[in-house]
Amino acid sequence: NDLKGSKIKDGDFAFTHNQFEIGHRWGAFEVALFWRYDYFLTFSPDTAWLFYLDNNVDSNNTNSNPQTNLELKNYDVRLNANHIESQGAAIGYSFYLLPELAVKTRLNYFNSSDMTKGSLSGNITTSADDYTGTLNLDYAYKHDSLLNREEESISGQGVGLDIDIFWQVTDKMSLYVQGRDVFSYIEWSDVTYTEATAITNRVSYDENGLINVIPNISGIEGYRNQIQRLPNRYLFDLNYHLENWQLAVQLYRYENLNFPRLKFGSREKVINWHVGYDLKTNAVEFGVEHSNVSFKIKSEQLDFSEAHDFALSLSVNYLIE
């Protein structure tokens with residue numbers, strides 16, 4: 001919601017991965033068609049706070065100078081964005097290296113029509129009644145979110161590699177490693193881009209306390225070839241099996257971010273269930289699995305719209321005999 005609403009929490013990253021897929025598997029082979037939407041942001045807490053201030057009015061502020069909610073300090077501005085929307089196809093193959101060691105590789109082809117890749121950096125220094133600073137911008141995009149350049153069609157193609165490894169360590173212990181976008185390479189030709197420097201030398205506030213900036217901007221808008229790589233996603237799952245129960249220690253890694261997790265559930269029943277807990281985000285996961293259907297949901301808030309960690313997954317399998 002453009003950071004509108006309640007005061008934001010401190011943080012320095014945000015990401016989302018969304019995928020819808022339909023496929024067919026026979027023997028060791030599988031094929032699939034998919035749609036994907038991914039966004040990965042890293043930023044300084046100062047940057048998030050400045051964007052929040054720019055999009056909100058503090059209704060509790062009754063001072064004659066509404067800008068006094070802005071701290072008197074130097075704000076470090078750092079924002080890196082990596083976004084892509086793609087359709088594509090995939091082919092996978094499973095094989096055994098050892099009787100207890102199985103591997104699946106999958107090659108994904110991406111046909112993409114929307115992206116954002118680039119950075120915003122600089123500093124903003126506040127004073128009693130305004131702020132000044134310099135910002136440097138370098139990014140390629142379809143939709144220009146910052147300077148409102150007219151949108152143009154763009155196109156990119158590329159490939160990605162997924163790897164799954166399952167190792168039955170002992171009768172009661174197994175290790176599963178899931179790698180997504182282990183390698184990726186997407187090439188964009190003549191994509192719209194902007195390189196610019198903005199000096200915020202004309203600043204004012206309206207009667208509601210919103211910042212009004214008329215920057216002095218210099219730079220270029222043009223077209224360039226761009227190589228885009230997607231964040232790596234890994235899941236390491238060490239699972240200990242009891243007769244009717246299982247306990248797992250997991251590590252989910254998104255690029256350079258680590259999320260340790262614990263999971264407990266039933267096994268080898270008609271319908272299995274599990275509960276999980278993310279030690280970093282305090283999110284709780286609940287899932288049920290059947291031979292044909294699996295479902296799981298995760299959140300650290302009962303009100304999903306307020307959640308800072310939310311996941312939803314549904315899979316349906318149909319056996320053709």
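Leaving aside its neighbours within four places in sequence, which residues is T194 in contact with? The legends below begin with that residue.

This is a predicted model, in which local features need pLDDT of at least 70, side-chain atom pairs count only at pLDDT 80 or more, and totals for chains, interfaces and linings use all residues. Residues are numbered from 1 along each chain as its sequence is written, and side-chain values use heavy atoms, with hydrogens and water left out.

View 1. Beyond its neighbours within four places in sequence, T194 is in contact with L137, D138, Y139, Y141, D144, L147, R149, I220 and E221; contact means heavy atoms within 4.5 Å. The side chains of T194 and Y141 make a polar contact at 2.6 Å. Such a contact is a pair of N or O atoms within 3.5 Å; within protein, one must be able to donate a hydrogen and the other to accept it, and residues adjacent in sequence count only if both atoms are side-chain atoms. With a relative accessible area of 2%, T194 is buried. Buried means under 20% relative accessible area, exposed over 50%, and partly exposed in between (1.4 Å probe, protein chains only). Strands (E, at least two residues) and helices (H or I, at least four) are DSSP runs, numbered from the N terminus.

**View 2. Helix α1 (residues 45-54), a mostly covered helix.**

**View 3. N148, a residue with positive phi in a loop.** Although N148 is not a glycine, its phi is about 60°. Look for N148 in the loop between β5 (131-141) and β6 (156-168). N148 counts as exposed because its relative accessibility is 66%.

**View 4. E255, in the loop between β12 (245-254) and β13 (257-266).** E255 is not a glycine, yet it has a positive phi of about 55°. Its relative accessible area is 34%, so E255 is partly exposed.
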